[in-house]
Amino acid sequence: MAAEHQGVSEPASNDPRRRLRSVVADHSIIVCTGSGGVGKTTTAAVMALEGARAGRKAVVVTIDPAKRLADALGLEGLTNAPSEIDGDWPGSLSALMLDTKSTFDDLVRKHAESPDQAERILENRFYRNISGALSGTQEYMAMEKLYELHEDYDFDLIVVDTPPTRNALDFLDAPRRLTRFLDHRLYRILMAPTRGFVRAVNVAAQAFLRTVSKVVGGEVVEDAVTFFSAFDGMEQGFKDRADRVLELLGHDETAFLLVTAPRRDLIEEGTFFAERLGEADIEVRALIVNRVHPRFSSAAPAALRERSATLAGTDLGALYGNLADFAAIAETEERHLATLAEHVGSAPVVRVPFLSTDIHDLGGLELIGSHLFDPDSR
Amino acid sequence: MDPAQFFAASRVIIVAGKGGVGKTTVTAALARAAARTGLRTLVVEVEGKSGLPSLFGQPALEYDEIVLAPGGGPHGAADVVARTLTPDDALVEYLEDHGMTRISRRLVSSGALDMVSTAAPGIRDILILGKVKQLELGSDHDLIVLDAPAAGHAISFLRSARGLIDAVRVGPINAQAREVLDMLTDPARAQVILVTLPEETPVNELVDTAYSLEDEVGVSLGPVVVNGIYPEIPGLDVDPTEAARAAGATLRSGEAEALAAAARFRADRTALQAQQVARLAERLPLPQIVLPYCFTTDLGPDEVEHLAHAALGGIEALGADADTRTDRGAGT
């Protein structure tokens, strides 16, 4: 079906599935990007499985996987540290489910000057709010987790899923967001009361805080002031680490894959992603298209539709009508895909056909793997 | 059930569902269906760029209303209008309406809104819902259809009111949160319509979302929309060669196989869809409205019209008991 009709007449080395296998083999970090609902988490898991099957020590960081996939990967409950999945492959496969809050907590502990300072921050209500809800925190922690796995463990393939987001670059921007937040002039206003020498000029700031308090209530502002006082002195550590995370993402060993599905809205979002990645000088190494409808016939949809109309009222007419439906959807899918493919340069475009079942076990991941990677090329 | 009665049951319909299930398409179809019953319908978009305007062949939405689908026609349809809402604009409007113009300018120009909404998450959501509530209390529209944020976010979006009443104990945000909660928990004012595809993962997530919304928000759940059901074609189980003989037609080489494979694919998927629809009915005792799959990736005004028609048919088929839905929600 869809996966079979591609590359049939091309030399084997141009087979996109073979090229995708090289992309995985040639990189030690793979970031799966794309909008929500396109099968990103599953794709990420398949990439890591491919690494394990090629004899590598692979780990996948999943974000909010569907429950049955999580179960299949042994992720019952929150495991924020990698746990190995048993399986019959030469390498190893580990998985973890990102726990945004405890990753953030670990980061605070790492950078605190004393356990005391860490506790003061962790207990602060304002901190508890931002660690769970500051927009981009999930993206930030996904990248932080990637960096931690890269620095503190000896995996030779790390695959990360990215949170569903409308902005492709949220996860690139995320590590800097907290430091930008700390640079915010309001932060400096809030900090001022603890720094005696500027207290004199701070009347305006106090007035401002009163204004904000009027809208959101005084407790919220108090929590914020306490948080920023507790955080004092830790900003540099956070900034340095954010820079190192970004460096890792820009490194040659890191490959970005774009995952999409051939619906117009998803293709539009995918195109937007590809453009934004391009602006950030990030090359898309492969485009993976999930849920492609099979193409049963090479006949034009209009011709099939016409034949169906001529035969209206007969079973054959119904059969042609059905064939015309699928020919029409396959044709529009390919047309949309072509516009997106232009945005990924020479990167391989690999199609995974619409599968009749949901993927929720290792067998399912292997099935997708057989569509993504040429089974004869290893 | 009479569609006019159905759409008049609550002033606000919140359409929610996981990413990729066609939530925006369903929003468009429901809005157009409501307008066809003569209700002046406003669609509110909250996530910024969505595919909504292009479904009606219109440019991107702004804070000010635009007409998405003009009314008229033989059945006296009303207009479908639409606008987008942003927390910043909503806050400024709110404060200005409450005699706090100076504060509002300062809050926005200093970037304090970012800071404030970080300090108490949910503030952005409550500003938007507060604006929806204001529109609901006004008389410019008969029905407001809200295209809610995707799945998990929909829960936190709708839960924001309850959370903020605890987090922010005084002031305009608190007042706003209380009024929003009043609206959300009153079945005559608001109901949530959940959208899913007839597939395993979306069905599971819909069931979880339904229970969370009832338990944690206390919002009334309307019927569930199952989107993307393959329309039935009778005669697909006949062997193509025999069908050709019966029709006195000849098939080209390879055509019998293609016809048979396509028919088998449709039959397999139809069976799987039916399984998932049945599983959903078993796990969630809410009436269902089924919308057909459109065999194109280019959804436009024609498809919206087609889906609106299907939605009206689905509503008519709901049966008279559907108007007691508030008593037979998910929490039974």
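A polar contact is a pair of N or O atoms within 3.5 Å; within protein, one must be able to donate a hydrogen and the other to accept it. With that in hand, welcome to a set of close-ups from a predicted model.

**View 1. Chain A on its own.** Let us start with the overall make-up of chain A, which has 17 helices and 8 strands. Of its 378 residues, 57% are buried. If we take the contacts between residues at least 6 apart in sequence, 77% of them join residues at least 24 apart. The accessible surface of chain A comes to about 15400 Å², and carbon and sulfur atoms account for 48% of that surface.

**View 2. Where chain A meets chain B.** Here 58 residues from chain A come into contact with 62 residues from chain B. About 5300 Å² is buried between the two chains, with 63% of this area given by carbon and sulfur atoms. The interface also holds 8 residue pairs in polar contact, both partners at pLDDT 80 or more. Which helices of chain A each supply at least two residues of the side that touches chain B? They are α7 (125-133), α10 (185-191), α11 (203-216), α12 (218-231), α14 (264-279) and α16 (315-341). Of these, α16(A) gives the most, with 15 residues.

**View 3. Salt bridges across the interface.** Side chains of opposite charge can pair when their charged atoms come close. Between chain A and chain B there are 2 salt bridges. In one of them, A:Arg291 pairs with B:Glu199, at 2.9 Å from N to O. Both residues belong to a network of salt bridges that also links B:Arg269. Over all chains, the structure holds 25 salt bridges.

**View 4. A pair within helix α14 of chain A.** A:Arg276 and A:Glu279 form a salt bridge through their side chains, 3.4 Å from N to O. How far apart are the two in helix α14? They are 3 residues apart, so about one helical turn separates them. A:Arg276 is partly exposed, with a relative accessible area of 22%, while A:Glu279 counts as exposed at 61%.

**View 5. A pair between two helices of chain B.** In this view the side chains of B:Lys131 and B:Glu93 meet in a salt bridge of 2.2 Å, N to O. The pair links distant parts of the chain, 38 residues apart: B:Lys131 lies in helix α7 (residues 123-137) and B:Glu93 in helix α4 (residues 87-97). Is B:Lys131 buried or exposed? B:Lys131 counts as buried because its relative accessibility is 7%. B:Glu93, with a relative accessible area of 22%, is partly exposed.

**View 6. A:Arg17 and A:Asp15.** These two residues form a salt bridge, and their closest N and O atoms are 3.4 Å apart. A:Arg17 has a relative accessible area of 14% and is therefore buried. A:Asp15 is buried too, with a relative accessible area of 7%.

View 7. Our last stop is A:Arg241, found in helix α13 (residues 235-250) of chain A. A:Arg241 counts as buried because its relative accessibility is 8%, and buried means under 20%. What is A:Arg241 in contact with, leaving aside its neighbours within four places in sequence? The contacts are A:Leu107, A:Lys110, A:His111, A:Glu144, A:Tyr147 and A:Glu148.

How values were computed: Residues numbered from 1 in each chain as written. Chains lettered and ligands numbered in written order. Predicted model: local features only at pLDDT ≥ 70, side-chain atom pairs only at ≥ 80, totals over all residues. Heavy atoms only, no water. Helix = DSSP H or I, 4+ residues; strand = E, 2+ residues; numbered from the N terminus. Buried < 20%, exposed > 50% of the residue type's maximum accessible area, 1.4 Å probe, protein only. Contact = heavy atoms within 4.5 Å. Areas by Shrake-Rupley, 256 points an atom, 1.4 Å probe, with all protein chains shown as cover. Buried area = accessible area lost by both parts, 1.4 Å probe. Salt bridge = Lys/Arg side-chain N within 4 Å of Asp/Glu carboxyl O. Polar contact = N/O pair within 3.5 Å; in protein donor to acceptor, adjacent residues only side chain to side chain.
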